[in-house]
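Dear colleague,

Please find below the structure that I am handing over to you. My notes on what was found in it follow directly after.

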Amino acid sequence: MSHLKEHQTKNLITRMNRIEGQLSGIKKMIIEDKAYDEVIIQINSTRSALQKLSQILLEAQADHSLIHVSEGYDLEDEMKKLRKVITQYNKIN
C-alpha cells in the first residue's frame, strides 16, 4: 500500500468497519419497518462511503505503481495493473 496515512491498512479497515455498521443499521431499519425515504438516505450514505473507499484504493494503487516504477520495476507492467484498477473503479461510478 501507499505510504499516505489514508491508505494504511488500519485506516482502511476502520472505514470498512464503519460501512459494516451502516449496513447493519439499514438492515435494522428495514426490520423495524422504517420509512423508505429514511432507508434510502442511509443506503446513499453507505454507497458514498463505499465509493470513497474505492477512490482511496485507486489512489493507493497509483501511488504504489509510481513508487514501483521509480524503484526500477517494469513501467508497462505497472501501467497494466493501474489500468485494471481504473477499469474496476469506473464500473462502480
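Helices in these notes are DSSP runs of at least four residues, numbered from the N terminus. Please keep in mind throughout that this is a predicted model. By that numbering, aspartate 33 belongs to the loop that joins helix H1 (9-31) to H2.

**The first helix and the loop after it**

H1 is made of 23 residues, and the distance from its first C-alpha to its last is 33 Å, close to the 33 Å expected at 1.5 Å a residue. Its buried residues are Leu12, Ile19, Ile26 and Met29. H2 is included in what covers them.

After H1 comes aspartate 33, with a positive phi near 55 degrees. This residue is not a glycine, yet its phi is positive. For context, most residues other than glycine have a negative phi. Is aspartate 33 buried or exposed? Its relative accessibility is 62%, so aspartate 33 counts as exposed, the cut-off for that class being over 50%.

H2 covers residues 36-70. Its 35 residues should span 51 Å at 1.5 Å a residue, and because the end C-alpha atoms are 51 Å apart, the two values agree. The buried residues of H2 are Val39, Thr46, Leu53, Ser54, Ile56, Leu58, Ala60, Gln61, Ser65 and His68. Both H1 and H3 are included in what covers these residues. Beyond the end of H2 there is glycine 72, which has a positive phi near 100 degrees.

- Leaving out residues up to four places away in sequence, threonine 46 touches Ile19, Gln22, Leu23 and Ile26.
- Glutamine 42, also in helix H2, counts as partly exposed because its relative accessibility is 31%. Apart from neighbours within four places in sequence, glutamine 42 is in contact with Ile26 and Met29. From glutamine 42 to serine 65 the separation is 23 residues in sequence and 35 Å in space, C-alpha to C-alpha.
- Histidine 64 is likewise placed in helix H2. With 26% relative accessibility, histidine 64 counts as partly exposed. Its C-alpha atom is separated by 8.8 Å from that of glutamate 78, which lies 14 residues apart along the chain.

**How H1 packs against H2**

Two packed helices are described by the angle between their axes and the distance between the axes. How do H1 and H2 run relative to each other, roughly parallel or roughly antiparallel? Their axes come within 10 Å and cross at roughly 160 degrees. Angles over 145 degrees count as roughly antiparallel, and H1 and H2 are therefore roughly antiparallel to each other. The crossing is left-handed.

On the H1 side, the contact is made by Leu12, Arg15, Met16, Ile19, Gln22, Leu23, Ile26, Met29 and Ile30. On the H2 side, the residues are Glu38, Val39, Gln42, Ile43, Ser45, Thr46, Ala49, Leu50, Lys52, Leu53, Ile56 and Leu57. Sorted by class, the contact of H1 with H2 has 14 nonpolar, 4 polar and 3 charged residues.

**How H2 packs against H3**

Helix H3 (residues 75-91) packs with H2 at an angle of about 175 degrees, and the two axes are 9 Å apart. That angle makes H2 roughly antiparallel to H3. H2 contributes Gln51, Ser54, Gln55, Leu58, Gln61, Ala62, Ser65, His68 and Val69 to the contact, while H3 contributes Leu75, Glu78, Lys81, Leu82, Val85, Ile86 and Tyr89. By class, the residues of this contact divide into 8 nonpolar, 6 polar and 2 charged.

Lysine 91 has its place in H3. At 61% relative accessibility, lysine 91 counts as exposed. Between the C-alpha atoms of lysine 91 and isoleucine 19 the separation is 20 Å, and these residues are 72 apart along the chain.

With kind regards

Technical notes:
Residues numbered from 1 in each chain as written. Predicted model: local features only at pLDDT ≥ 70, side-chain atom pairs only at ≥ 80, totals over all residues. Heavy atoms only, no water. Helix = DSSP H or I, 4+ residues; strand = E, 2+ residues; numbered from the N terminus. Contact = heavy atoms within 4.5 Å. Buried < 20%, exposed > 50% of the residue type's maximum accessible area, 1.4 Å probe, protein only. Axes fitted to C-alpha atoms, helices over the stretch in contact; angles between N-to-C directions. Parallel < 35°, antiparallel > 145°, perpendicular 65-115°, else oblique. Left-handed = near helix turned anticlockwise from the far one by under 90°. Nonpolar A, V, L, I, M, F, W, Y, C, P; charged D, E, K, R; others polar. Expected span 1.5 Å × (residues − 1).
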